[in-house]
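Please examine the sequence and the structure shown below.

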Amino acid sequence: MNGEQIRDGLRKSSLLHIEDVYKRYGSKTILDDIDLSVASGEFVTLVGPSGCGKSTLLRLVIGQEAPCGGSILMEGEPLGPPTPERGVVYQNYSLFPHLTSIENVTLSRRLALQPWQWHSRKKTILEEGMHYLEKVSMADHAQKFPAQLSGGQRQRVAIAQALIQKSRILCMDEPFSALDPGTRESLQMFLLELWEETKMTFFFVTHDLEEAVYLGTRLIALSQYYTDDRNPEAPRGAKIVVDRKFGPSDHAVSPSVKSTAEFASAVQEIRKQAFDPHYLQHVTSFDLSHPMSWVTHNAGEVAGEQPVQPGPGR
Amino acid sequence: MKTPKLFGLHAKPGGWFGFFLASLPFLLLIIVYMIASDARLAINPNDKVLPSFSHMADAIVRMATKPDRRSGDLLLWSDTFASLRRLFIGVGAGALVGLMVGLNTAIFPGLRAMSRSFLTFLSIIPPLTLLPILFIAFGVGETAKVMLIFIGTVFVISRDLHLYVLQLPKEQITKALTLGASDLAVTYRIVLPQIMPRLIETTRLTLGGAWLFLIAAEMISATEGLGYRIGLVRRYLAMDVIIPYVLWITLLGFLLDWLLRLAVARLYPWYRTGKE
C-alpha cells in the first residue's frame, strides 16, 4: 500500500481526520501542514512548548476558528462551526456564571426544548443532571454558582456538563492547568476512570509533558523546533514532531507509573524532541511511530512548496 | 502597633467615628448655610436669597399639603408624579431599546458592521441640541420631553452593553454552540440573562443624565413637574421653594439609585460574587 491509499483509507475510517491544515495570523504561521487521524476511543494528548499552537489546533477541531488551508473531517464529513458532536472543556469559562451547577449541567437538555416544554420535562432532566453531578462527586454543590466553587470543583462540573451531551469527541484545553497538584492528580485519575467507563474519544491539550504521557493512549507533540529543506531562517509554524502510542489502551493506570524508569525516559525523550529549541530534527526523522500516523511530506513539501494555497477561510 | 483612626494609609475609621466622619461634611455645609442665612436676615428680614430653615419647612409643607388655588392639586405630589412618569417612560424605553440594540449588534457581525458608525454618530449628537427639533416635531406635550430622555439615555446604554457583550469570553459562545444552542438561543438564552445586571447598573448610571434632560425640558415647556416648578418660582426668587425642591429631587435620585442597586443584588446574586 502506498501513502495515498493509506490516507484515503484513514480519511474514511477515522473519527477525526486532519489533513494538510495550515493556520496563519497575519504573516505569522502557527500551524504548518498538520496531518492527523484519530480513531474512535483514543485518548489523545497534545503537548508542545508554549506558543506552538496546541490550543489553536483544538480551536480548529471544535470549529471556533477556521483553518487557512487543508481539511478537517469527522467520519469523512467536513467540519464547520461548533456543533454538539464536539464537546469542549476549557481551562476557564466552561461554565456560565449566571447558572448554578445543576443548571449548567442540564443546559444542553434545556436548550433542546422550547421554554414552554420545560415544565413537563423538568423532573426527568433534573434527575439526569443530578446523576451526572453524582458521577463527578458534585451532587452536594448542585445549587451553587460557579463563583462559589473552587477551581477543581468547577472543572468537575464542566466535565459533567460536557459529558451529558454525549458528543463524539470531547476536546479539553488545559483543563487542569490552573489547579494545585493534589486536585490535579485526583482529576487525572477521575478522567481516566471516566474514559475507561465511557469509551469516549478524548482530545486533551496540555503544556505539561508528564500529564500528557500519563493520561494519553496516544501522545502528539507539536513543535516549532525542527528543520527542513527550506531556508533555515524561514519562519516556521509548528508541525507534529512526535506521534506515539502509549500505555495499555483499555484501562486506567495508577499514578504510580509516573515513578517508573520507563515513564521517566519517555518523558525525557519527548522533552528533547519537542521542547528543546536547540535540538532540531529534520522533518524526515520525526518519531511518528503510532500505527495510525502517516506522513505526507513528499519531496515538494519538504522543500517548502505548499500544496494548499492559503486563502481567507477554508 | 496602634492602628491610626484618621491619618495615613493604614487608617481604619470604623464604628461611630466612621459615621461621624461621614456626617461631618453635611454638618459643616448646614452650619455654614445657617451662619450666612442668619447674617443676611439680620440685615434684611425680608431677604429671599438664603431663607431660614423654618421658612423653607413652611414652604414645603404648604406645597405638600395645601391644594393649589388655581388647579386644586397638591403641587409637590403632582409635580413629583408628572416628573417621575416622564423619567420612567423615557429611561425605561431607553433601557429596553438600548438592550436590544447593544446585544444584537454585538452578537451578529452583520448587524455590527451596519450599525457601528451610525450609532457612534448618533450618540455624539448632544441631546439638548435636539430639544428644539423635538418640540417642533412632537409639539410641546409629553412626547417631546420623553423623547429627549429616551435619546439622552438609549445610546449610552446600547454602547455600554455592546462593549460588555464583546468582552464576554469567546469561549462561552463556542461552548453554548457545542451544547446545541442555535444563534438565537445563544443571544437570548445565554447572553441576555448574563447582561441583565449590567443593564440595570448602566441604567442606574444614566439616571443622572436623564434627570438633567428631564429638568431642562420641563423648564422650557411644561405645565407641571419638578423642573417646571423650579423654573416658575425662580421668577419670584422663591428660594424657600427652590432649595427644598432641589433636595427632594436629590433624595428621589438617591432612592432610585439604591433601589436599582438592591435589585441587582437580589435578582442576580451571582453577579457580585463573580467580581470579588
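Predicted model: local features only at pLDDT ≥ 70, side-chain atom pairs only at ≥ 80, totals over all residues.

Residues are numbered from 1 along each chain as its sequence is written, chains are lettered from A in the order in which they are written, and side-chain values use heavy atoms, without hydrogens and water.

Reader: Which residues touch the most other members of the largest nonpolar core?

Author: A nonpolar core is a set of buried (under 20% relative accessible area, 1.4 Å probe, protein chains only) Ala, Val, Leu, Ile, Met, Phe, Trp, Tyr and Cys residues joined through side-chain atoms within 4.5 Å. The largest such core has 50 residues, and the most other members are touched by A:Leu191 and A:Leu219.

Reader: Why does this core lie between two domains of chain A?

Author: Domain bounds come from an automatic or database domain assignment. The core lies between the two because both give residues to it: domain 1 (3–85 + 171–302) and domain 2 (96–166).

Reader: What area is buried between chain B and chain A?

Author: Contact means heavy atoms within 4.5 Å, and it takes 27 residues from chain A and 21 residues from chain B. Buried area is the accessible area (1.4 Å probe) that two parts lose on being put together, summed over both. Carbon and sulfur atoms give 71% of the total, which is about 2100 Å².

Reader: Which residues of chain B lose the most area to chain A?

Author: Three residues together account for 32% of what the chain B side buries. They are B:Lys175, B:Leu179 and B:Arg189.
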